[in-house]
Amino acid sequence: MKKFLMAGLAGTVAGVIATTQIAGPLLAQEADSKATVYEQLDLFGDIFERIRAQYVEEVEPEELIEAAIDGMLTSLDPHSSYLSPDDAEQMRVQTRGEFGGLGIEVTQEEGFVKVVSPIDGTPAEEAGIEAGDFITHVDGESILGLTLDKAVDLMRGPVGSEIVITVVREGEQEPFDVTIIRDTIKLTAVRARTEGTSVILRVTTFNDQTFPNLQEGLNEQIEEAGGIDKVNGVVLDLRNNPGGLLTQAIKVSDAFLNEGEIVSTRGRDANDGERFNATPGDLTEGKPIVVLINGGSASASEIVAGALQDHRRAIVVGTKSFGKGSVQTVMPLRGDGAMRLTTSRYYTPSGRSIQALGVSPDIIVEQPRPAPQTDEDEADARTRSEADLRGSLNNDSLSEDEIRQIEEDRAKAEATAELREEDYQLAYAIDILKGLSAFNPTGGPSQ
């Protein structure tokens, strides 16, 4: 018993000695670190005062402080920044779905302003701006070296005013100018339509209206088709969708899942991580889904695509997505400003982070650039058949109803061919749904 107590005491003493030996240098190091921070703050104060007193032009102290704060945040990553009171209000307006501008989502890459995607139906999209374009000048003024917020400020202006941006595009030998008229950007979060028996859900952004628009649009298309049994599947088009609200990405994913994890977020502290799970209820009742993505699909779009892909709930078609796998928290600050700070990374249900990697499609399908059609091409497209031959025999073995059905099927096939010329990726997705419905006519999930 004495031996046990002594051994225990020796262990305690040894522990105290070890702790003292290690903690001493740590405490000293912490004190040195604090001293260094205070020295740096003193340095900042010295520079601040010298600028105020000696800069060639008088500057507002508030502007200097805001610039210093913004510089501190933008040095962290391309998505952290300071939002002035005006910028913070504009951001709140954008999430509600209406704002003024060009209609492009941009990021910064190695000092260059890069277009993540143009927004459907906006001046930028109508002017031909494409995902992946680099903007180098605004109204002839170089924006190289400016912070992203400063560059965006140059692109903002009154509705109806003209702006000329200089664009560098892969595949083009020389930069070129694009003239755009600023307009009020009213985002229609989801556009729903039916092609044949496939419902197309075009999701352009993730704002407060996204899930309600998606649910309403899907239900309308199903009702017009005569019920879910008349629908062979859904194409969820997330191309050129720059993302938006995490909560809406979760709701859209949940709309097509009955169970399982949708996404998880992990911050610096492991205890701050969150997991978001699906709830019972699939709006399509298990119908096949094809998700379309491209290089302009970012953030919330990648959450949806990754969740449906990992759960084998959808086939992902297109090209690799943008690769923004971080979550920003907007924190209100005094004076009505705000701070947008990257606080965590998100992970798909299988535990993969898409940061800088993107979501890889199950089937890679490039969108070919339209080639000008010549008269010879049109002549080649007009083919002759047996029915064109003089004196050919009539087919009297079919009833009028059967002939009408054949003609309707032919018309649908011709419509699909026309769509393939207009939007090859979408036509490919619809063909996949047709193939899946042929193997599984009931439309329910395969076992």
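A salt bridge is a side-chain nitrogen of Lys or Arg within 4 Å of a carboxyl oxygen of Asp or Glu. The views below show a predicted model, in which local features need pLDDT of at least 70 and side-chain atom pairs count only at pLDDT 80 or more, while totals for chains, interfaces and linings use all residues. Residues are numbered from 1 along each chain as its sequence is written, and side-chain values use heavy atoms, with hydrogens and water left out.

**View 1. A salt bridge joins Glu 49 and Arg 52 in helix 1.** The closest N and O atoms of this pair are 3.7 Å apart. Because they are three residues apart in helix 1, Glu 49 and Arg 52 are separated by about one helical turn. Helices (H or I, at least four residues) and strands (E, at least two) are DSSP runs, numbered from the N terminus. Glu 49, at 42% relative accessibility, is partly exposed, and Arg 52, at 44%, is also partly exposed. Here buried means under 20% relative accessible area, exposed means over 50%, and partly exposed lies in between (1.4 Å probe, protein chains only).

**View 2. Glu 261 and Arg 275 form a salt bridge.** Their closest N and O atoms are 2.6 Å apart. Glu 261 belongs to strand 13 and Arg 275 to strand 14 (residues 274-277), so the pair ties together parts that are 14 residues apart in sequence. Glu 261 is buried, at 14% relative accessible area, whereas Arg 275 is exposed, at 56%.

**View 3. Arg 191 and Asp 120 link distant parts of the chain.** Their side chains meet in a salt bridge of 3.9 Å, N to O. Arg 191 is in strand 10, and Asp 120 is in the loop between strand 4 (112-118) and helix 4 (123-126), 71 residues apart. At 35% relative accessibility, Arg 191 is partly exposed.

View 4. Two strands pair if DSSP finds at least two bridges between them. Strands 11 and 12 run parallel and are joined by five bridges; Leu 201 has Leu 236 in strand 12 as its bridge partner. Five of the five residues of strand 12 are buried, so this strand is largely enclosed by the rest of the structure. Gly 233, Val 235 and Asp 237 are on one side, with Val 234 and Leu 236 on the other.

**View 5. Phe 256 belongs to the largest nonpolar core.** A nonpolar core is a set of buried Ala, Val, Leu, Ile, Met, Phe, Trp, Tyr and Cys residues joined through side-chain atoms within 4.5 Å. This core has 39 residues, and Leu 201, Leu 214, Leu 236, Phe 256 and Val 291 have the most contacts inside it. Helix 8 gives the most to this core, with six residues. Contact means heavy atoms within 4.5 Å. Not counting residues up to four places away in sequence, Phe 256 touches several residues, including Leu 218, Ile 289 and Leu 308.

**View 6. Gly 323 lies in the loop between strand 16 and strand 17 (326-332).** Gly 323 is buried, at 6% relative accessibility. The C-alpha atoms of Gly 323 and Val 359 are separated by 7.0 Å, although these residues are 36 residues apart along the chain. Leaving aside neighbours within four places in sequence, Gly 323 is in contact with Glu 302 and Ile 354, among others.
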